[in-house]
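Me: I would like to learn how to read packing and backbone features in a model of this kind, taking them one at a time. Could we go through them together, with the general idea placed before each case where there is one?

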Amino acid sequence: MSGLLLGPGAALEDGRQTWAREALESAAHGLARRLRAEGTRVLATLMDNSAAWVIADLAAALAEVVHVPLPLFFTPEQLGHALQAAAVDTLLAPAALAARWPQAPAQPCELAAQALVCLRLPAPPLALPAGTAKITFTSGSTGAPKGVCLDGAALQRVAAGLVQAMAPLDIRRHLCALPFAVLLENIAGLMAPLRRGASCVVLPLAELGLTGSSSFDAARFHAAVVAQRPDSLILLPQMLRAWAGYLSRSGQRAPASLKLVAVGGAAVGARLLDDARALGIPAYEGYGLSEAASVQTLNLPGADRPGSAGRPLPHARLRVAADGEIEVAGSLFAGYLRDPTPVPEWWPSGDLGHIDADGFVHISGRKKHLLITAFGRNVSPEWVETALRGEPAIAQAVVFGDGQAALSAVLWPLQTAADEAELQAAVDAANTQLPDYARIRSWVRARAAFGPETGLATANGRPQRPAIWDRHADALACPA
């Protein structure tokens, strides 16, 4: 893969050192030679955001080795499952993490001034779908995460589509704010900007206020954004909500350098977008799925409809089936890990929605989550949850009520000090925006934040509804 699809001017910065395009290519070629010499077939990485992670990703592509990025917040059981399921034969990690596999042969490996350990793991060869370049695991919840085999050509189509769509913004500096093991940041925050020839700022996640994936310090994050002055960011909705809340309380604004803050992973809601923009955050909602190699649609300056997920990007084709399910084509995955089922030309996303006359895609919720009340009304819980999260006091919300006379909710406050009266007022305000059959009759405060480390959400912030129900069933008035 000559040139690694790095545009002129592509660079990495970690706050202490800068790696220009030539240095990145040299380091990636060096590691690629080592991987080939050792007979690596499947490389897993288990590390924080860093230049070393990026070089390992580039080297895997050069060596035509399958890359399996592992989230740091996976449990030991989940890590073991992923390594075994993907037949990983080489693991790259810092010494402290590599110590979890004391029996594995280990050799030192220095990348981008970071001391790492290269472990050799016993793994028989595994036949993967043709074209597999990367395997991403879709769930960070309890249970065995599912492996999605991503086609290398599809990944490049998505990156190229993003570069084309965002060319008018002239993004020169992107601050990576999500873990690289999350596909959204890997493609839209690394592959696309580097292909464009931009600089990517790759700080350790703790310097951005992220601990694991469920704790976010908005004040620390804002300080990092002010210091780095990026053109673009990618955030999850809960991060945008926390940042906007911090700016509002502290009387500050986002840096004027920002041209685009893309928000994905879950529904954002027009109210949060309006609040963020009023604080100088140029927030725009998008939509994607792992089975289509991440981003499919995105609102952009000049082509923006708050409340929608935006128009399809150049690489994406979307249509709506007769039952309202969104179907996707154009950049599909190669198949699920250890599942021979062929991938159809049009992939059923599992999301319900519609495409308006101007081409904007509107997502109303998950097909499998649709609630049917005791009075026979169909309610998408995501619709109600978006209204709840639109209230400043509520950070996260999950709605239940299938077969019940009324809906109930589990709520996590934006400020842990928020009392019951404040949360009730927020529920009352959200209810005024909803018809009577979609209003929340009862609610409980969540016993933990919704995050991968608590088992209550996936890596990109989607709630794990069965786990949330199991944790709170005894307190909810309306059984699901």
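Me: Which residues of helix H12 are buried?

Reply: In this predicted model, helix H12 covers residues 465-472, and its buried residues are Arg465, Ala467, Ile468, Trp469 and His472.

Me: How should I read a nonpolar core, and which residues have the most contacts inside the largest one?

Reply: The general idea is that in soluble globular proteins nonpolar side chains tend to be buried together. Here the largest nonpolar core has 69 residues, and those with the most contacts inside it are Leu233, Leu240, Trp243 and Ile281.

Me: How do helices H1 and H2 pack, and at what angle?

Reply: In general, two packed helices are described by the angle between their axes and the distance between the axes. For H1 (residues 21-37) and H2 (residues 51-63) the angle is about 55 degrees and the axes are 8 Å apart. H1 is therefore oblique to H2, and H1 passes H2 in a right-handed crossing.

Me: Which residues of H1 and H2 meet?

Reply: From H1 the residues are Leu24, Ala27, Ala28, His29, Leu31, Ala32, Leu35 and Arg36, and they meet Ile55, Ala56, Leu58, Ala59, Ala60, Leu62 and Ala63 in H2. Sorted by class, this contact of H1 with H2 has 13 nonpolar, 1 polar and 1 charged residues.

Me: Where does glutamate 64 lie, and is glutamate 64 buried or exposed?

Reply: Glutamate 64 lies in the loop between H2 and strand S4 (66-69), and its phi is near 55 degrees, a positive value in a residue other than glycine. Its relative accessible area is 73%, so glutamate 64 is exposed.

Me: What is the phi of aspartate 170, and where is its place?

Reply: Aspartate 170 has a phi near 50 degrees, again a positive value in a residue other than glycine, and its place is in the loop between helix H5 (152-166) and strand S10 (173-175). With a relative accessible area of 28%, aspartate 170 is partly exposed.

Note on methods
Residues numbered from 1 in each chain as written. Predicted model: local features only at pLDDT ≥ 70, side-chain atom pairs only at ≥ 80, totals over all residues. Heavy atoms only, no water. Core = buried A, V, L, I, M, F, W, Y, C linked by side-chain atoms within 4.5 Å. Buried < 20%, exposed > 50% of the residue type's maximum accessible area, 1.4 Å probe, protein only. Axes fitted to C-alpha atoms, helices over the stretch in contact; angles between N-to-C directions. Helix = DSSP H or I, 4+ residues; strand = E, 2+ residues; numbered from the N terminus. Parallel < 35°, antiparallel > 145°, perpendicular 65-115°, else oblique. Left-handed = near helix turned anticlockwise from the far one by under 90°. Contact = heavy atoms within 4.5 Å. Nonpolar A, V, L, I, M, F, W, Y, C, P; charged D, E, K, R; others polar.
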